[in-house]
Amino acid sequence: MKRDVTIDLMKGVAIILMMVAHLVFDTGMPKHIIHSFHMPLFLIIAGIFAKDISDIASFRQYTIKNAKRLLLPYVVTMLMLCVWGVLLTYAKHDVSYVIRHLLSMITASADGWHTQWGIIYAGPIWFLVALFWVRELFYCIQRICVRAHKYRDELIMGISILLSLISVLTHPYMPSLPFCIMQAFTALGFYAAGWYIHRHPMPWWVYALCVIAWPFAILYGYIGIDSCTINYYPLSFIGACGGTYVIYLLCKAWAKVISLFNIKHSTLNITSPLTWCGVYSLPILCMHDFLMYSALMYSIMIRIPYGGPLVWGGLLAVIMAYILLRIPVLKKVYGG
């Protein structure tokens with residue numbers, strides 16, 4: 001099946017913005033803009049490709065495929081961090097580095113609850129675990145609504161948003177759950193939005209309303225799915241959809257421009273470096289995670305002139321992802 005260059009470009013933009021958000025430690029307007037839509041952008045794109053229950057022959061096979069695509073890269077990346085922990089243990093004579101990395105892999109929490117146990121934060125790849133549960137939860141919601149014929153899709157969308165809202169409202173008053181369960185519930189609404197929009201094209205005024213809401217969401221809202229935080233939920237939700245739509249329009253225009261040059265990879269139909277980043281956003285995410293939580297690597301990058309951790313950290317994550325994909329065994333894990 002031919003790849004959609006626009007979607008690949010959107011994923012490329014999303015993964016770059018994610019690295020910018022992690023590597024720029026300030027609270028200025030650029031960061032507010034990124035946080036207003038960059039995580040929903042990933043989820044809405046994933047929702048566009050969500051399978052309808054009628055297209056899933058076996059739930060078991062569906063789960064196995066999701067696990068291979070999302071959980072396997074998570075485990076392999078965490079094992080790499082465990083090996084790094086072994087090296088730190090040898091250098092600092094502290095076996096806790098290995099133990100904490102192993103516990104981080106097992107608990108797979110995106111929240112800060114594990115810090116009280118001395119467990120090292122697993123990093124941005126919490127998203128892979130959360131997305132796995134999002135897909136499983138969405139299948140279950142479809143299963144519940146399978147007998148609803150009229151307004152079935154609207155019912156599925158409504159339940160997903162309701163569960164997301166409940167997660168946001170209850171999270172501050174209850175202990176954080178491991179395995180990114182709460183984050184999955186929080187993300188569910190955006191995933192369902194991508195699924196619904198793909199099945200039911202919206203009228204122009206809906207997109208206009210979302211775009212108009214986006215600046216207000218930047219100023220007054222906030223989306224932190226890792227912490228199950230969505231301030232002013234309706235405004236932030238609609239604004240995130242508006243931000244995603246703006247990125248879609250820009251990437252669609254860019255796809256038309258680069259198509260004029262007809263520059264394509266012989267097998268992958270890749271038209272630009274940004275498209276490559278979108279196609280391989282998963283290994284880039286994992287290598288970015290590795291660099292984020294390798295203090296030695298980061299201390300080196302921060303001392304390099306002309307760019308610092310933002311430029312060199314992002315570039316190194318892309319280079320490491322490229323190297324991974326040149327290794328046949330790892331390409332099966334990270335390349336899909």
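Visitor: Is Arg152 buried or exposed?
Guide: Arg152 is buried, at a relative accessible area of 12%. The term buried stands for under 20% relative accessible area, exposed for over 50%, and partly exposed for the range in between (1.4 Å probe, protein chains only). This is a predicted model, in which local features need pLDDT of at least 70 and side-chain atom pairs count only at pLDDT 80 or more, while totals for chains, interfaces and linings use all residues. Residues are numbered from 1 along each chain as its sequence is written, and side-chain values use heavy atoms, with hydrogens and water left out.

Visitor: Which residues form a salt bridge with Arg152?
Guide: Arg152 forms one with Asp52, the closest N and O atoms being 3.1 Å apart. Arg152 lies in helix H7 and Asp52 in the loop between helix H3 (38–48) and helix H4 (59–92), so this pair ties together parts that are 100 residues apart in sequence. Arg152 also forms a salt bridge with Asp153, with 2.9 Å between the closest N and O atoms. A salt bridge here is a side-chain nitrogen of Lys or Arg within 4 Å of a carboxyl oxygen of Asp or Glu. Helices (H or I, at least four residues) and strands (E, at least two) are DSSP runs, numbered from the N terminus.

Visitor: What about Asp153 and Arg199?
Guide: Their side chains meet in a salt bridge of 3.0 Å, N to O. Since Arg199 lies in helix H8 and Asp153 in helix H7, the pair ties together parts that are 46 residues apart in sequence. Asp153 is buried at 7% relative accessibility, whereas Arg199 is partly exposed at 35%. Asp52 is buried, also with its own value of 7%.

Visitor: Which residues are linked in the network, then? And how many salt bridges does the rule count?
Guide: Asp52, Arg152, Asp153 and Arg199 are linked in a network of salt bridges. The count by this rule is 4.

Visitor: Changing topic: how many helices and strands are there in the protein chain?
Guide: The protein chain has 15 helices and 2 strands. Of its 336 residues, 50% are buried. Contact means heavy atoms within 4.5 Å; among contacts between residues at least 6 apart in sequence, 73% join residues at least 24 apart.

Visitor: Which residues have the most contacts inside the largest nonpolar core?
Guide: They are Leu128, Leu131, Phe138, Phe190, Ile225, Met287 and Tyr334, in a core of 87 residues. Helix H1 (residues 5–23) gives the most to this core, with 12 residues. A nonpolar core is a set of buried Ala, Val, Leu, Ile, Met, Phe, Trp, Tyr and Cys residues joined through side-chain atoms within 4.5 Å.

Visitor: What is Phe190 in contact with, leaving aside neighbours within four places in sequence?
Guide: Phe190 is in contact with Pro40, Leu43, Ile44, Ile223, Ile225, Ile230, Phe237 and Ala240.

Visitor: And His288, on the same terms?
Guide: Leaving aside neighbours within four places in sequence, His288 is in contact with Met18, Met19, His22, Leu23, Pro124 and Ala317. His288 lies in helix H12 (residues 281–292) and is buried at 2% relative accessibility. Leu23, in helix H1, is buried too, at 6%.

Visitor: Where is the nonpolar patch on the surface, and which residues form it?
Guide: Leu315, Ile319, Tyr322, Ile323, Ile327 and Val329 form it, with about 550 Å² of accessible area together. Helix H14 (residues 308–324) gives the most to the patch, with 4 residues. Leu315 is partly exposed at 41%. Patches are made of residues with over 30% relative accessible area and no salt bridge: like charges are joined within 9 Å, nonpolar side chains (Val, Leu, Ile, Met, Phe, Trp, Tyr) within 5 Å. Accessible areas come from the Shrake-Rupley method with a 1.4 Å probe; for residues, only the protein chains shown count as cover.

Visitor: How many disulfides does a search of the whole structure find?
Guide: The search finds 0 disulfides, a disulfide being a pair of cysteine sulfur atoms within 2.5 Å.

Visitor: What is phi of Cys180, and where is Cys180 found?
Guide: Phi of Cys180 is near 60°, a positive value in a residue other than glycine. Cys180 is found in the loop between helix H7 (152–170) and helix H8 (181–199), and counts as buried at 0% relative accessibility. Cys228 has a positive phi as well, near 55°, and its place is in the loop between strand E1 (222–224) and strand E2 (229–231).
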